[in-house]
Amino acid sequence: MDQVTLKADLDALTTAQNVSMEEINPVTGLTTRERLLVQRSWQELLKLGRSTVGIEIFDRYFTMFPQYIQAFKKFRDIPVEKLKSHPRLKAHGTTVLNALDSIVENLDDVDTVALLLEKTGQDHDRRGLNHQAFEDLDTSTAALLADVFKDSWTDVVHQAWDKALSAMMSSIVSAMQAAEKNRTS
């Protein structure tokens, strides 16, 4: 990852004086500037490799919130110390990264993003996960991003990612609640 180029690009986006940069997407709540900051930093993150980033997201998640390991049937029988190098985690991490990539890259196409997030919420409702699991994933992902981006993780970039992750998690949780309501009514 080229931290110098990333920092320069993010700083340029942060300071760009263009009225359109402040336009707010009514669905995501992100300004154009925030969306571009998230998308540009995401592109740089993916240079580390999808499987690498996917593994790191789940390693951070399970380190910060070990109670969720048991929520994943395919990980329950793997010793914690072997999980990070296990092919099942690599496969799941890559799948999740591909889904996140579709969401981040389409942040300007709210209809597509809404459908992707709704499907994610429905899929995870069927697996019995609750909203707190997604809020904790939001927390652990933000912590990972801060560590990876180092000096590029400015207050403005942090705020953009917080807004984006909060919007994503809120949509997923809403879809989970709707799926649960439909299932129980």
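Predicted model: local features only at pLDDT ≥ 70, side-chain atom pairs only at ≥ 80, totals over all residues.
Let us begin with the helices. Two packed helices are described by the angle between their axes and the distance between the axes. Find helix 2, residues 32–46, and helix 8, residues 155–184: their axes come within 9 Å and cross at roughly 95 degrees. Angles of 65 to 115 degrees count as roughly perpendicular, and helix 2 and helix 8 are therefore roughly perpendicular to each other. On the helix 2 side, the contact is made by Glu34, Leu37, Val38, Ser41 and Trp42. Helix 8 answers with Val156, Val157, Gln159, Ala160, Trp161, Lys163 and Ala164. Sorted by class, this contact holds eight nonpolar, two polar and two charged residues.

The largest pocket has a volume of about 730 Å³. It is lined by 30 residues, and those closest to its centre are His92, Val96, Thr120, His124 and Arg127. Which elements give two or more residues to this lining? They are helix 3 (50–64), helix 5, helix 6 (110–126), helix 7 and helix 8. The lining of the largest pocket is made up of 19 nonpolar, five polar and six charged residues.

You will find His92 in helix 5, which spans residues 87–105. Is His92 buried or exposed? Its relative accessible area is 13%, and a residue under 20% counts as buried, so His92 is buried. Leaving aside residues up to four places away in sequence, His92 touches Phe58, Phe72, Lys74 and Phe75.

Of the 14 residues that line it, Val27, Val113, Leu117, Ala167 and Ser171 are the closest to its centre. Helix 6 and helix 8 each supply at least two residues of this lining. By class, the lining of the second largest pocket has eleven nonpolar residues, two polar and one charged.

One last stop is Lys150, in the loop between helix 7 (131–149) and helix 8. Lys150 is exposed, with a relative accessible area of 53%. Its backbone is worth checking too: phi of Lys150 is near 50 degrees, a positive value in a residue other than glycine.

Methods
Residues numbered from 1 in each chain as written. Heavy atoms only, no water. Axes fitted to C-alpha atoms, helices over the stretch in contact; angles between N-to-C directions. Helix = DSSP H or I, 4+ residues; strand = E, 2+ residues; numbered from the N terminus. Parallel < 35°, antiparallel > 145°, perpendicular 65-115°, else oblique. Contact = heavy atoms within 4.5 Å. Nonpolar A, V, L, I, M, F, W, Y, C, P; charged D, E, K, R; others polar. Buried < 20%, exposed > 50% of the residue type's maximum accessible area, 1.4 Å probe, protein only. 1 Å grid on protein atoms, 1.4 Å probe; cavity = no way out; pocket = protein on both sides within 12 Å on 5 of 7 lines; lining within 4 Å. Points joined across faces, edges and corners; volume = space filled by probe spheres on them.
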